[in-house]
Amino acid sequence: MRYAVQRLIQAVPVFVVTTFLIYTMVFALPGDPILALAGDKPVPEQVLDVLRERYHLNDPLLVQYGYYMLGVFRGDLGETFTGQPVSELLQDRWAVTAQLAVTAWIFELVVGIGLGVLAGLRRGGAADTAVLAGTTFVIAVPVFVVGYTAQILFGLNLGLFPTAGTDEGWPVSYLLPGMVLGSFGLAYVARLTRTSLVENLRADYVRTATAKGLGRRRIVGLHALRNSLIPVVTYLGIDFGNLMAGAVVTEGIFNLPGIGQQVFQSIQLQEGPVVVGVVTLLVMIFIVANLVVDLLYGVLDPRIRRA
Amino acid sequence: MPEFPPEATDRTASERAPETASETMPETAFETASETMPKAAQKTAQKSAPKTAYDTAAEDPGEDPGEADKAGGSLWRDAWMELRGRFVFWMSAVILVVAGAMAAFPDVFAGMGPNESCDLRMSKHGPGDGAVFGYDIQGCDYWSQIVHGTRASIMIGVAVTVFALLIAVALGLFGGYYGGVLDALISRITDVFFGIPFVLGATVVLVAFPGHGMWAMTLVLVLLGWTTMTRLMRGQVIAVKDMDFVAAARMLGAGDRRIMFRHILPNAIAPVFVVAMLNVGNVIAGEATLDYLGVGLQYPDVSWGLQLNVAQTFFAEYPHLLVFPALFLTATVLSFLMLGDVVRDALDPKLR
């Protein structure tokens, strides 16, 4: 418990500084948003002043940030400069990205661990070599190349999956994008599982179990695998945040209307509030995922609780 | 830290050890990448992680600090003996030498200069007479364009990694060695930068400063990419600094600086070095992604990412636009990753 509290306290300053950094960077974007809003028409000084006052643009950056964070904790992400609440703008888009991330995540979990176990059980065998070579290759090919190739091959030429859009709903429309998004993490999970399993199979407790006369299946399934999965669970936990944040490219290729696409457009249109809103939430997800994994770790591995 | 008499220094070191050492692990499998390990994970790993090459190598010399360096040398020598026999090593090395040569002397390989003698009438024509790789959208010879694109990737990949490595070694060494407030501060700053999503963070900065060239890209990528190696370095330093040979050196009167740079650094750097090699590949892929998204390098710069950016609109009808730069990009990234992989294997006797 003391451990949990300690981790929580450590996470707070990290959260504040990270979000402040993002906030500063975004609002350092050149240009006066109020003037940009007005377009070419001249605007009376009074109107400008009222608008600036309303959006706290006259206050120092730190105060503006303070106002902003107060809003975030009340569920208010601010408004775009056209008056539309950011949270409303993002509502539907979060669902798309979350579905995509979950699909990718399940893919990583099931296939990644499967391949890792396959390779780890027969180290040096054909399956092991194939998994190692394949995963290195997947890590090396940039995700957008994987995306386009998959789109042409499986979507266009073979017609196995829808090529783009979300018309067919979850899971059909999300399968191919999910696999593309998850491919990198999958390769990591597979290699991590393999390495960890190989190490654990050599541990003393496995020898003890073998000496006791336990069957191979029981040794691997119950003893070695359970311990091997501890680092894998960690990676999977943290990777969920990465998947949410890393969906920009995949969403672009498969034309999925998620937050990645939205935030990318917003950055180029200099819509600061949307950018900060999304990135702040992503950082929150990231930090919470980190915390959950840390705490979960204590459950999985009793040595940590006592440490 | 001022010079303490040996006894006093020793005591402070051992008092400091418990809380700092438990926070990190000596990284054994780099696939477990420190980035993915929360503090808790590192705690157990610290206890269960078997000794790796550098640990054992470091323990060998016993009490004579002078031999620590020799042992470090033999670690690298052993690794070299191992590497010499690996096909993968030679294959990646050859690819990288070719890529490096293309980056340094593009004119030797390319028939044309960058964006030179382009003929719009040949736009997007596939491979054929006079142009083995066909033509790009501007009608430039695609082979020449791709060769000229090598420089951006290789330079950014190597420069980012070198700078990130320097930061990592400096922060990791000082943080890990001195501990205390300095260490806590460095660790929290690392956490902050680690928490910024890469693509979004880079996009925000790059859009805020338009008109950026290669060095601005390098700066942004360093800013977002130094954390992993720093964490790893710090963990290594903490693992090494409590070893007998460090205590021996201190008792012989060696100062902090000498201990750090002559004894700890050579024995802690190996895994960081491996991660740096892998990192070059990742940086190249990351840079290409930013180019591809349209926020990285801009025309008239020539880079693989930019070529892929253009290709995305036409790849269905003109696959050669996508295939060739993707091939070069993948081969380069793959070579760095495989090189890192085999060097790791060579440095880690556990896998032998």
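**How do you know? A visit to a two-chain model**

Guide: Let's start with B:Ser92, which touches B:Ser335, B:Met338 and B:Leu339, leaving aside residues up to four places away in sequence. This is a predicted model, where local features need pLDDT of at least 70, side-chain atom pairs count only at pLDDT 80 or more, and totals for chains, interfaces and linings use all residues. Residues are numbered from 1 along each chain as its sequence is written, chains are lettered from A and ligands numbered from 1 in the order in which they are written, and side-chain values use heavy atoms, with hydrogens and water left out.

Visitor: What makes B:Ser335 something that B:Ser92 "touches"?

Guide: Touching here is a contact, meaning heavy atoms within 4.5 Å. B:Ser335 is one of the residues that B:Ser92 touches.

Visitor: And why is B:Ser92 called buried?

Guide: Buried means under 20% relative accessible area, exposed means over 50%, and partly exposed is in between, all with a 1.4 Å probe and protein chains only. B:Ser92 has 0%, so it counts as buried. You'll find B:Ser92 in helix H5 (residues 87–104) of chain B. Helices are DSSP runs of H or I with at least four residues, strands are E runs of at least two, and both are numbered from the N terminus.

Visitor: Is B:Ala216 buried or partly exposed, and how do you know?

Guide: B:Ala216 has 28% relative accessibility, between 20% and 50%, so it is partly exposed. Its place is in helix H10 (residues 214–225) of chain B. B:Ala216 and B:His148 are 68 residues apart in sequence and 19 Å apart in space, C-alpha to C-alpha.

Visitor: What makes the meeting of B:Asp191 and B:Arg188 a salt bridge?

Guide: A salt bridge is a side-chain nitrogen of Lys or Arg within 4 Å of a carboxyl oxygen of Asp or Glu. Here the N to O distance is 3.1 Å, so the pair passes. Both residues lie in helix H8 (residues 180–194) of chain B, 3 residues apart, about one turn of the helix. B:Asp191 is buried, because its 16% is under the 20% limit.

Visitor: Why is B:Arg344 called buried, then?

Guide: Its relative accessibility is 8%, which is under 20%, so B:Arg344 counts as buried. B:Asp341 is buried too. B:Arg344 also forms a salt bridge with B:Asp345, with the closest N and O atoms 3.6 Å apart. B:Asp345 reaches 21%, so it is partly exposed. Shared partners then join A:Arg191, B:Asp341, B:Arg344 and B:Asp345 into one network.

Visitor: Which residues touch the most other members of the largest nonpolar core?

Guide: Among them are A:Leu90, A:Phe144, B:Met233 and B:Leu293, in a core of 163 residues. Helix H13 (residues 256–293) of chain B gives the most to this core, with 21 residues. What makes a nonpolar core is buried Ala, Val, Leu, Ile, Met, Phe, Trp, Tyr and Cys residues joined through side-chain atoms within 4.5 Å. B:Leu293 touches A:Val248, A:Val249, A:Phe264, B:Val199 and B:Asn309, not counting residues up to four places away in sequence. A second, separate core of 6 residues includes A:Ile230 and B:Phe194.

Visitor: How do you know how confident the predictor is about chain B?

Guide: Look at pLDDT, the predictor's confidence in each residue, from 0 to 100. Chain B has a mean of 76, and 78% of its residues reach 70 or more. Over residues 1–70 of chain B, pLDDT stays under 50. For the complex, the predictor gives an ipTM of 0.79 and a pTM of 0.78.

Visitor: What makes up the secondary structure of chain A?

Guide: It comes to 14 helices and 0 strands. Of the 307 residues of chain A, 49% count as buried. Along its principal axes, the C-alpha trace of chain A spans about 85 × 55 × 30 Å.
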